[in-house]
Amino acid sequence: MTVDAKPVAELPDPRDFGLAVVPEKEIPAELASLVEEVRSLVDAVAHTKAGAHELAAARDAVAAANACLQGDRHDVGTMVQQTWPDGRVEYGTLTNVVSGPTNAAAPPLRMEAAPEGGLRGEVVLNGTYQGPPGLVHGGWLAALLDQALGAAAGAEGMPGLTADLNVNYRNPSPLDTPLEVTARVTGTERRKVFVAGEVRHGGRVTAEGTALMVRMNLPGDGGA
Ligand SMILES: CCCCCCCC/C=C\CCCCCCCC(=O)SCCNC(=O)CCNC(=O)[C@H](O)C(C)(C)COP(=O)(O)OP(=O)(O)OC[C@H]1O[C@@H](n2cnc3c(N)ncnc32)[C@H](O)[C@@H]1OP(=O)(O)O
């Protein structure tokens with residue numbers, strides 16, 4: 001395979017594309033803990049056997065919280081800037097459904113540089129990600145892999161969009177227990193970035209994926 005896709009010298013700054021950027025360290029601690037609380041709330045609501053009185057009280061409390069938060073909001077498309085321990089800077093959408101730090105629907109998955117190359121992360125999916133009894137929904141495993149594979153391309157300076165994603169489900173992925181996610185770039189060809197990754201439970205591969213990411217066509221890179 002020809003290896004001629006050029007990593008971008010510097011990651012594009014989303015501000016140059018008219019997108020707002022929130023540095024992760026500026027997310028208020030109160031918002032981070034609120035997101036945690038809401039994530040736990042969604043799980044509690046999904047599984048509750050509470051009686052009518054408790055349900056009505058909870059609904060009123062949630063309605064009050066909801067009213068409290070209906071003020072100023074970030075625009076859709078707002079990016080979060082994350083700085084990793086090694087100094088690497090990464091951008092993602094603030095509300096990315098897999099990794100967005102302010103999205104209570106995100107597990108969230110955080111990927112970091114893996115010693116063996118590529119990226120590695122760990123995530124626990126609770127019962128709100130259920131497909132078959134006690135198991136993670138296959139669509140969510142695909143979402144985890146899509147995100148991890150995209151992040152691996154981005155980490156190599158080749159951020160792009162998923163053109164093609166293939167997932168093989170090898171073994172069941174249980175809920176409520178740590179899953180390891182790994183991803184790496186396996187090749188490049190013009191703007192095409194080939195990536196591969198796995199989800200593991202207890203060291204055993206439960207799902208594996210490959211994808212073609214098409215690198216963003218950035219001004220000044222000739223579109224090659
Ligand atoms: C602005 C600021 C930036 C900030 C930086 C951000 C960094 C972030 C870093 C890291 C985190 C990332 C984490 C994200 C993870 C989640 C990813 C997703 O969920 S993405 C959503 C789902 N995907 C879509 O919605 C795409 C929809 N499709 C398209 O928009 C287009 O089809 C696109 C862009 C994929 C390609 O369109 P074309 O016009 O740009 O390019 P063409 O010329 O068609 O293709 C280029 C090459 O790719 C091949 N190709 C294209 N699609 C293919 C396909 N489906 N299968 C096989 N080959 C394909 C073509 O044959 C061509 O190959 P040849 O160079 O000629 O050999």
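Predicted model: local features only at pLDDT ≥ 70, side-chain atom pairs only at ≥ 80, totals over all residues.

Leaving out residues up to four places away in sequence, L144 touches V98, L109, V123, V181 and V199.

Now widen the selection to the nonpolar core around L144. The largest nonpolar core has 30 residues, and L144 is among those with the most contacts inside it, together with A148, L149, A152 and V195. Colour the elements that give two or more residues to this core: β5 (119–124), α3 (138–155), β7 (178–189), β8 (192–201) and β9 (204–215). Which element gives the largest share of this core? That is α3, with nine residues.

Keep β8 on screen and pick G197, which lies in that strand. G197 has 28 other C-beta atoms within 10 Å; the cut-off for a buried residue is 20 or more, so G197 counts as buried. Apart from residues up to four places away in sequence, G197 touches L145, A148, L149, A152, V181, T182, A183, R184 and G209.

Next, show the ligand. It is surrounded by 22 residues, and the closest are G150, G154, P159, A163 and R190. At least two residues of the shell around the ligand come from each of β3 (89–93), α3, β6 (160–169) and β9. Which element supplies the largest share of this shell? Again select α3, which supplies five residues of the shell.

Go to the loop between β5 and α3, where H137 is found. Is H137 buried or partly exposed? H137 counts as partly exposed, because it has 16 C-beta neighbours inside 10 Å. Beyond its neighbours within four places in sequence, H137 is in contact with Y129, Q130 and G131. Draw a C-alpha to C-alpha distance from H137 to H201: these residues are 64 apart in sequence and 15 Å apart in space.

Draw another such distance, from G197 to H53. The two residues are 144 apart in sequence, and their C-alpha atoms are 47 Å apart in space.

Then select helix α2, residues 52–68. At 1.5 Å a residue, its 17 residues should span 24 Å, which agrees with the 24 Å between its end C-alpha atoms. How many of the 17 residues of α2 are buried? The number is zero, so α2 lies largely in the open.

Over residues 134–206 the chain is 25% helix and 48% strand, and the end C-alpha atoms of the range are 14 Å apart.

Finally, zoom out to the whole protein chain, which has three helices and nine strands. From the N terminus, the order of these elements is β-α-α-β-β-β-β-α-β-β-β-β. The radius of gyration of the chain is 19 Å, close to the 17 Å that the globule rule gives for 224 residues, so the chain is as compact as a globular protein of that length. Along the principal axes, the C-alpha atoms fill a box of roughly 65 × 45 × 30 Å. Buried residues make up 25% of the 224 residues. If you display contacts between residues at least 6 apart in sequence, 64% of them join residues at least 24 apart.

Key:
Residues numbered from 1 in each chain as written. Helix = DSSP H or I, 4+ residues; strand = E, 2+ residues; numbered from the N terminus. Rg over C-alpha atoms; globule rule 2.2 N^0.38 Å. Buried ≥ 20, exposed ≤ 12 C-beta atoms within 10 Å, placed from the backbone. Contact = placed C-beta atoms within 7 Å. Expected span 1.5 Å × (residues − 1). Core = buried A, V, L, I, M, F, W, Y, C linked by C-beta atoms within 7 Å. Near = placed C-beta within 6 Å.
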